[in-house]
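Here is a guided walk through a two-chain model. Keep the sequence and the coordinates open as you read.

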Amino acid sequence: MAEAIELQVARYRPEQESQPAWETFPVPLRKEWTVLDGLNYIKDRLDGSLSFRWSCRMGICGSCGMMVNGEPKLTCATFLSNYAPGPVRVEPLRYFPVVRDLVIALDDFMAKLQSVKPWIVRQEEKPLADGEYLQTPQQLDAYQQFSMCINCMICYAACPVYGLDPLFAGPAAIALAQRYNLDSRDQGAGERLSILSQQDGIWGCTFVGECTKVCPKNVDPAGAIQQYKLAAAKEWFRSLVAPWGTK
Amino acid sequence: MDISYHDVLLVGGGGAGLRAAIAVAEVNPKLSVAVVSKVYPMRSHTVSAEGGAAGVVKPNDTLDEHAYDTISGGDWLCDQDAVEIFVREAPQELLRLEHWGCPWSREADGHIAVRAFGGMRKMRTWFAADKTGFHMLHTLFQTTLKYTAIARYDEWFVTKLLVDDGRVQGVVAIELMTGKVQAITANAVILCTGGCGRVFPFTTNAAIKTGDGMALAYRAGAPLKDMEFIQYHPTGLPFTGILITEAARSEGGYLLNKDGYRYLQDYNLGKPEPKPKLRSMELGPRDRLSQAFVKEQEKGRTIEGPYGPIVHLDLRHLGEKLINTRLPFVRELCLKYENIDPVTEMIPVRPVAHYMMGGVHTDQDGATPLAGLYAAGEVACVSINGANRLGSNSLPELLVFGARAGRAAAEVASGRRPPNGKVLAQAQDEERRLKEMLLGSSGGTERIATLREEMQETMESSAGIYRQGTALKQAAERIGELKQRCDRLALDDRSQTFNTELTTALELSFLLDVAEAMVHCAAQRKESRGAHQRTDFPERDDRNYLAHSLVHRNPSGAPRVEYVPVRITRWPPGERTYG
């Protein structure tokens, strides 16, 4: 191997280790190799027992998020050469239960995603025969960036509020709720607001904006959370000044 | 051993599987329907589709024109009755997705926008910028979350179909999180596992595209159809194989050889014009464009790059604004993975294995010859794609035939019947086999990666863009040897928890079955048609091969290949003309 770089990988095999331990592997340092290529080199040639998720290797399936030198990253889009001469530390995403090696448990997010009703809610469905809902490019623009979320969980690994309060719906779920709220075809914003405003976590978000900074797809979850806080505050204020009023 | 029961079981949670699941839930909300997928559904490879989804929607277009483009694009190997159903139902399905929230790109007045695509004579490709598959998949997945009837087995890996009494009765699957092996029984099973691009070393396909459903069906006794037809997409990034969408050319991109010359004009694809012209030049069909690349290479007119020969895709004249609004993902991929900016630089590209036209033999409702077994999407072959699929037909295909398979399966599956003892015994045998693999009791020494690389080299050198009889015969022998060696794998990983080495080993054995089917079908089709080009038989031969190949597994020797005629309705075989 002409040039190599060390990958320090967090290992955790629940049948073997009671807590995570580091293991170091030398991998070739090639210009076009990503951290993911390094992990696959280990799995193919050095130790087939290393477990991690990956699939599309083009930054769209959202499988391969990990901590790289302490920062949450899509490993398929993170080049080894950025970390030369090394070593590169690879760990599972922060704030999630670790299942095995670099694999985290996702069930908490999956439940939260479903809880915010990420689908078009309508009082009355338009029959297919009546054609499409018209939506101008400007109306599309209103929600488009929130629709770009690939569910990679990188924002959760960057979110100090989620780290402290696991009940918090978290950046991606709130951004996806907002994606539907802002869609001109949707009528479910009220339902989603009442679900989210029951959570303490949303008030704990101090607009640090880490989620937006780390998003590999340029989604702005911090913006979505602020929009929610504003809407919830208005709702709360309205119920305060007119508790008997508008029901 | 745990057993669970469902009426309808989907294997695979991509576009076809999710569309089928919703169809079942809508036909009969009382049915128990479950999606079992080796990845969380939103990770499925539908997510990577970029350019768009074809469906006739504009007043200047007709269903017959979409049908003709599809049939001529497929070099007359498509079943025309299936194509007619497909073009009729595609617009409805795309519209349904619009109602479910898919963020389709729009005209200024709010109507659906369409773009040009290769081999299509009208603009009829719906798109969501250049992340169409991503948006379709997430729309479908998020929409399934509102159907309480749809159960999910996320990150469960199916290893076998349970067949008894001539009927598929369910599957055996491993729960990755715990290593538990379970029988999941059902009255109907729909395979929606997608393609098998990973039989090749250089592919656009994600790591998970390992032909699982094709191999599961093949082993269970269902024939595979037209497996010799694999599509090379003309524009992949070197090294990674990442797809640069055809939309880059439909928006006006040029393909240039080392002299900066639009070489497609030398291959009977029309005359170069500054603006894109439908069914011409860069908007020709994928098979012809990939073949033209090889010819350019033979003439010494490609450019030698660090990962082999390339040509250039030039988008610079389109301008930053158009690239940002219509092709943002292309720009992102080039910047992130190739470190070049298509606004100011040319993109190096080469043909890359992309799509399997063949698959599990089904009828128009997704039914296979094996009772209780259905298939839809890339895993299936209906066939609407014939010898070469047109770009933007695969996304509507998975919707149309996913929905049809779901409805058909729902009809036959009402009323649960517990599985009989024989099925349980099969499931227990499978559990034993998996345990033995895991414990390494076979004493094997072979490494997964070594066998996989040998298989991929064999396939690239024998079953690529151009093929030849002797090489295919040798490849068939080689794949046979690799299959034997695959029985003697050595695994490093003995863990029950998220053992991805075990699943990788199972995927390798699926890939080898698919590779076997491909090389045998390719060796026996002694003609050139669409994506199957034989240097020893360079002409299309309608007298002998206007027929689909059906390949049946033979546990004790070479697979058996037979032919069934193509169904022609209104478009007699003719010459494919472009330009």
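A residue is buried if 20 or more other C-beta atoms lie within 10 Å of its own, with the C-beta atoms placed from the backbone. Apply that to Met153(A). It has 25 C-beta neighbours inside 10 Å, so Met153(A) counts as buried. Met153(A) sits in the loop between H3 and helix H4 (154-157) of chain A. Its backbone stands out too: phi is positive, about 75°, although Met153(A) is not a glycine. Most residues other than glycine have a negative phi.

Lys117(A) belongs to the loop between helix H2 (107-115) and helix H3 (137-144) of chain A. Buried, exposed or partly exposed? Lys117(A) has 19 other C-beta atoms within 10 Å, so it is partly exposed. The cut-off for a buried residue is 20 or more.

All of this rests on a predicted model. Its scores are ipTM 0.96 and pTM 0.97. For chain B the mean pLDDT is 96, and 99% of the residues reach 70 or more.

Now take chain A as a whole. It is divided into domain 1 (4-104) and domain 2 (107-241). Their C-alpha centres lie 30 Å apart. How many residues of domain 1 are in contact with domain 2? In domain 1 of chain A there are 11, and they are in contact with 12 residues of domain 2 of chain A. Strand E3 (65-68) and strand E4 (71-74) of chain A each supply at least two residues of the domain 1 side. By class, that side has seven nonpolar residues, three polar and one charged.

Follow chain A past E4. The loop between E4 and strand E5 (88-91) of chain A holds Pro87(A). The peptide bond from Gly86(A) to Pro87(A) is cis, with omega near -5°. Chain B has a cis bond as well, joining Val382(B) and Ser383(B), with omega about 15°. Ser383(B) lies in the loop between E18 and helix H10 (394-412) of chain B. Most peptide bonds are trans.

Next, the contact between the chains. Here 46 residues of chain B are in contact with 44 residues of chain A. Five helices of chain B give two or more residues each to this side: helix H3 (80-99), helix H4 (132-144), helix H9 (328-338), helix H12 (448-462) and helix H14 (500-524). The largest share, five residues, comes from H3(B). By class, the chain B side has 22 nonpolar, 15 polar and nine charged residues.

Turn to the strands of chain B.

Ala173(B) stands opposite Gln182(B) in E9(B). This hairpin has five residues between its strands, and Gly179(B) in the turn has a positive phi of about 80°.

Two open sheets of chain B complete the tour. One has three strands in the order E3-E5-E4, with antiparallel pairing. Strand E3 (53-54) and strand E4 (114-115) of chain B stand at the edges with a single partner strand each, so one side of each is left without a neighbour in the sheet. E3(B) pairs with strand E5 (residues 125-126) of chain B over two bridges. Ala53(B) stands opposite Trp126(B) in E5(B).

The other sheet has five strands in the order E18-E16-E10-E21-E22 of chain B, and its pairing is mixed. Strand E18 (380-381) and strand E22 (560-565) of chain B are at the edges, each with a single partner strand, so one side of each lacks a neighbour in the sheet. Strand E10 (residues 224-225) and strand E16 (residues 359-361) of chain B pair in the antiparallel sense over two bridges. Helix H5 (residues 212-220) of chain B lies across E10 and E16 of chain B, at about 35° to E16(B). H14(B) lies across E10, strand E21 (547-552) and E22 of chain B, running at about 140° to E21(B). H14(B) is also one of the helices that give residues to the side touching chain A.

Conventions: Residues numbered from 1 in each chain as written. Chains lettered and ligands numbered in written order. Predicted model: local features only at pLDDT ≥ 70, side-chain atom pairs only at ≥ 80, totals over all residues. pLDDT = per-residue confidence, 0-100. Domains from an automatic or database assignment. Contact = placed C-beta atoms within 7 Å. Helix = DSSP H or I, 4+ residues; strand = E, 2+ residues; numbered from the N terminus. Nonpolar A, V, L, I, M, F, W, Y, C, P; charged D, E, K, R; others polar. Pairing = 2+ DSSP bridges. Axes fitted to C-alpha atoms, helices over the stretch in contact; angles between N-to-C directions. Buried ≥ 20, exposed ≤ 12 C-beta atoms within 10 Å, placed from the backbone.
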